[in-house]
Amino acid sequence: MSSSREGALNVYNAITDFFLIEEMVVPGSCYWNTGIGFDKGEVSEDSDGLHTMQVLGQNMAWLLKKLNT
């Protein structure tokens, strides 16, 4: 990703709006679902991004379990 977390707000809103208009279930996280890094592998040093992705993965797993019951 080449923008800061806040810089991509309009793009995230447009994508989320599209999913919701198409009646998709959209799991969320505790912050924007991005990791920040400029060079290859650098995103693994973004502790906020890693935490956000961990929470997103947990929420996705929970949602999949609920949808399969």
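What volume does the largest pocket have? I note first that this is a predicted model, in which local features need pLDDT of at least 70 and side-chain atom pairs count only at pLDDT 80 or more, while totals for chains, interfaces and linings use all residues. Residues are numbered from 1 along each chain as its sequence is written, and side-chain values use heavy atoms, with hydrogens and water left out.

I find a volume of about 330 Å³ for the largest pocket. A pocket here is an open set of points on a 1 Å grid over the protein atoms alone, where a 1.4 Å probe fits, with protein on both sides within 12 Å along at least five of seven lines, and lining residues have an atom within 4 Å of a point; the volume is the space filled by probe spheres set on the points, which are joined across faces, edges and corners.

I looked up the lining and found Tyr12, Phe19, Pro27, Trp32 and Leu56 among its residues. Helix α1, residues 9-21, gives the most to this lining, with four residues; helices are DSSP runs (H or I, at least four residues) numbered from the N terminus. I sort the lining into eight nonpolar, four polar and no charged residues, with Ala, Val, Leu, Ile, Met, Phe, Trp, Tyr, Cys and Pro counted as nonpolar, Asp, Glu, Lys and Arg as charged, and the others, Gly among them, as polar.

Next I turned to single residues. Valine 11 is found in helix α1 and is exposed at a relative accessible area of 51%, where exposed means over 50%, buried under 20% and partly exposed in between (1.4 Å probe, protein chains only).

In the loop between α1 and α2 I looked up glutamate 23, which has a positive phi of about 60 degrees although it is not a glycine. Most residues other than glycine have a negative phi. Glutamate 23 is exposed, at 72%.

Proline 27 lies in the loop between α1 and α2 and is partly exposed, at 27%. Its C-alpha is 9.7 Å from that of glutamine 58, 31 residues apart along the chain, and 9.9 Å from that of leucine 64, 37 residues apart in sequence. Leucine 64, found in helix α2, residues 47-67, is exposed at 53%.

Key:
Helices (H or I, at least four residues) and strands (E, at least two) are DSSP runs, numbered from the N terminus.
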